[in-house]
Amino acid sequence: MDEDIAWMVNAWPSASGISELREYGDRIVFRGQLSLFEDGGAALGVGGTQILFDLGDPPLPEDADGSWVEVRAARDHVIVWPVEV
């Protein structure tokens, strides 16, 4: 994923606790459980896979750690190895 996540810009809390990966218009939507790291990074657990993210501005709130989050990224910023989506 070649896109930083920024709270309420491309990352939001999710009411659903079910992992999901889908297309929505020109975006790829990831829904999963968020883990924040002390070094300023984050991972989203989606269906047993950890997707690493860098944090943008505004940052994710500390209480988002462990919560279910939906992240939307531009299609051309997402690469599924070894195929580009």
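Me: Is Glu 20 buried, partly exposed or exposed?
Reply: This is a predicted model, where local features need pLDDT of at least 70, side-chain atom pairs count only at pLDDT 80 or more, and totals for chains, interfaces and linings use all residues. Residues are numbered from 1 along each chain as its sequence is written, and side-chain values use heavy atoms, with hydrogens and water left out. Buried means under 20% relative accessible area, exposed over 50%, and partly exposed in between (1.4 Å probe, protein chains only). Glu 20 has 25% relative accessibility, so the residue counts as partly exposed.

Me: How many residues apart in sequence are the parts tied together by Arg 75 and Glu 23?
Reply: Arg 75 forms a salt bridge with Glu 23, with the closest N and O atoms 2.3 Å apart. Arg 75 lies in the loop between strand 6 (68-74) and strand 7 (79-80), and Glu 23 in strand 2 (residues 20-24). Strands (E, at least two residues) are DSSP runs, numbered from the N terminus. The parts are therefore apart in sequence by 52 residues.

Me: Is Glu 3 buried or exposed?
Reply: The side chains of Glu 3 and Arg 27 meet in a salt bridge (3.9 Å, N to O). Arg 27 is partly exposed, at 30% relative accessible area. Glu 3 has a relative accessible area of 15%, so Glu 3 is buried.

Definitions and conventions:
Salt bridge = Lys/Arg side-chain N within 4 Å of Asp/Glu carboxyl O. Helix = DSSP H or I, 4+ residues; strand = E, 2+ residues; numbered from the N terminus.
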